[in-house]
Amino acid sequence: MSNTVVGLPVGRSLCYLIVAGAAWGTAGAAASLLYRASDLGPVALTFWRCAGGLALMLVVRAVRRPRTAVHAVGAHPRTKLLRIAATGGTFTVFQVAYFAAVQDTGLAVATVVTLGAGPVLIAAGARLTMGERLGGGGIGAVTGAIGGLAVLVLGSGGGAVRPAGVAWALLSAAGYAGMALLTRRFGRSGGGGDPLAMTTWSFAVGTVCLLPLAAVEGLMPHTAEAGQVIWLLVYVAAVPTALAYALYFSGAAVVRAATVSVIMLLEPVSAAVIAVTVLGEQLTTATVAGTLLLLASVTGLAYGEMRAASAARRQALLV
């Protein structure tokens with residue numbers, strides 16, 4: 001099995017995923033500032049994130065279509081529709097359930113449960129559905145990443161653990177795992193299609209599904225700082241949404257699902273750095289230890305992925 005999709009090298013895919021994970025980490029800080037400046041709720045914020053990302057992706061696709069349009073080879077229209085619905089649906093569940101968990105049980109517990117359970121669910125799902133083996137090194141890296149995340153988040157002072165919030169976080173982890181596994185499976189089968197198209201359609205599904213719920217919660221924010229709110233919404237739609245998810249879907253189609261899940265744990269590392277440098281939070285021993293453990297796990301898995309790709313290329317040349 002080739003280790004590239006539509007000619008995308010594994011090394012570049014890993015870089016895409018690292019940038020995506022770091023960009024995702026900025027969304028939390030932007031959301032915190034939005035909550036301070038307006039009465040916007042989590043569902044409405046997610047709706048505007050999807051709607052803004054959709055608008056930007058439509059512009060990008062219109063500009064790039066003549067040069068980079070790539071389609072799934074041999075895919076039936078009904079199959080394409082099912083893939084769009086499945087990926088967009090898991091994306092929407094991942095986003096909304098996470099914000100619901102944060103609202104119910106606090107940021108610390110919601111983050112450690114969602115992002116801690118994610119790699120475990122993805123590793124199990126990849127083993128059961130695609131036969132991907134982690135090996136001893138991969139299992140150690142996943143374990144280290146989960147431990148690092150626990151130290152990073154819980155060590156900084158977690159909130160109260162509420163069963164309903166934990167349930168939402170587990171649902172969010174399941175949505176994220178489903179999205180990662182579907183992306184990897186489509187990439188392996190050669191039917192992943194254009195990552196920009198998949199990103200655009202995922203935002204479209206999220207926008208349509210969230211509109212009625214956001215309308216009930218309160219679609220339009222009430223604020224005395226309209227300029228700041230608009231700027232933050234544009235940023236959330238552009239960087240941690242349109243850019244990050246386009247890079248994510250490109251990279252996740254090539255790299256092993258379990259590796260993707262651990263690299264994406266760079267999100268809380270990025271958030272911790274922003275919290276210290278921008279929001280003025282104190283740098284604790286737990287923050288440093290958890291960040292270093294996470295980065296070591298990400299580096300180990302990325303190195304293993306590169307070695308596996310190199311070995312596969314050598315084997316292909318011999319054959």
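Residues are numbered from 1 along each chain as its sequence is written, and side-chain values use heavy atoms, with hydrogens and water left out. In this predicted model, local features need pLDDT of at least 70 and side-chain atom pairs count only at pLDDT 80 or more, while totals for chains, interfaces and linings use all residues.

**Exercise 1. Describe the make-up of the chain, taking helices (H or I, at least four residues) and strands (E, at least two) as DSSP runs numbered from the N terminus.**

Begin with the elements: the chain has 11 helices and 0 strands. Next comes burial, where buried means under 20% relative accessible area, exposed over 50%, and partly exposed in between (1.4 Å probe, protein chains only); buried residues make up 50% of the 319 residues. Finally, take contact to mean heavy atoms within 4.5 Å; among contacts between residues at least 6 apart in sequence, 91% join residues at least 24 apart.

**Exercise 2. Work out how helix α8 is placed against α1 and α7.**

Axes are lines fitted to C-alpha atoms, for helices over the stretch in contact, and angles run from 0 to 180 degrees between N-to-C directions. The axes of α1 (residues 10-37) and α8 (residues 226-252) come within 8 Å and cross at roughly 155°. Angles under 35 degrees count as roughly parallel, over 145 as roughly antiparallel, 65 to 115 as roughly perpendicular and the rest as oblique; α1 and α8 are therefore roughly antiparallel to each other. For the residue classes, Ala, Val, Leu, Ile, Met, Phe, Trp, Tyr, Cys and Pro count as nonpolar, Asp, Glu, Lys and Arg as charged, and the others, Gly among them, as polar. The contact of α1 with α8 has 23 nonpolar, 5 polar and no charged residues.

Turning to α7, its axis also comes within 8 Å of that of α8, and the two cross at roughly 130°, which makes α7 oblique to α8. Residues of α7 including P195, L196 and F203 meet a set in α8 that includes T241, Y245 and F249. This contact of α7 with α8 divides into 8 nonpolar, 4 polar and no charged residues.

**Exercise 3. Find which residues touch the most other members of the largest nonpolar core.**

A nonpolar core is a set of buried Ala, Val, Leu, Ile, Met, Phe, Trp, Tyr and Cys residues joined through side-chain atoms within 4.5 Å. The largest one has 53 residues, of which L17, Y176, M179, Y245, Y248, V260 and M264 touch the most other members. Its largest share, 12 residues, comes from α8. Leaving aside neighbours within four places in sequence, M179 is in contact with T87, T90, F91, F94, Y245, Y248 and F249. A second, separate core of 5 residues includes Y98, A101, V113 and A169.

**Exercise 4. Decide whether A110 and L171 are buried or partly exposed.**

A110 lies in helix α4 and is buried, with a relative accessible area of 0%. Not counting residues up to four places away in sequence, A110 touches Y98, A101, V102, T105 and A169. A110 and A167 are 57 residues apart in sequence, with their C-alpha atoms 9.4 Å apart in space.

L171, placed in helix α6, is partly exposed, with a relative accessible area of 40%. L171 touches V93 and A97, again not counting residues up to four places away in sequence.
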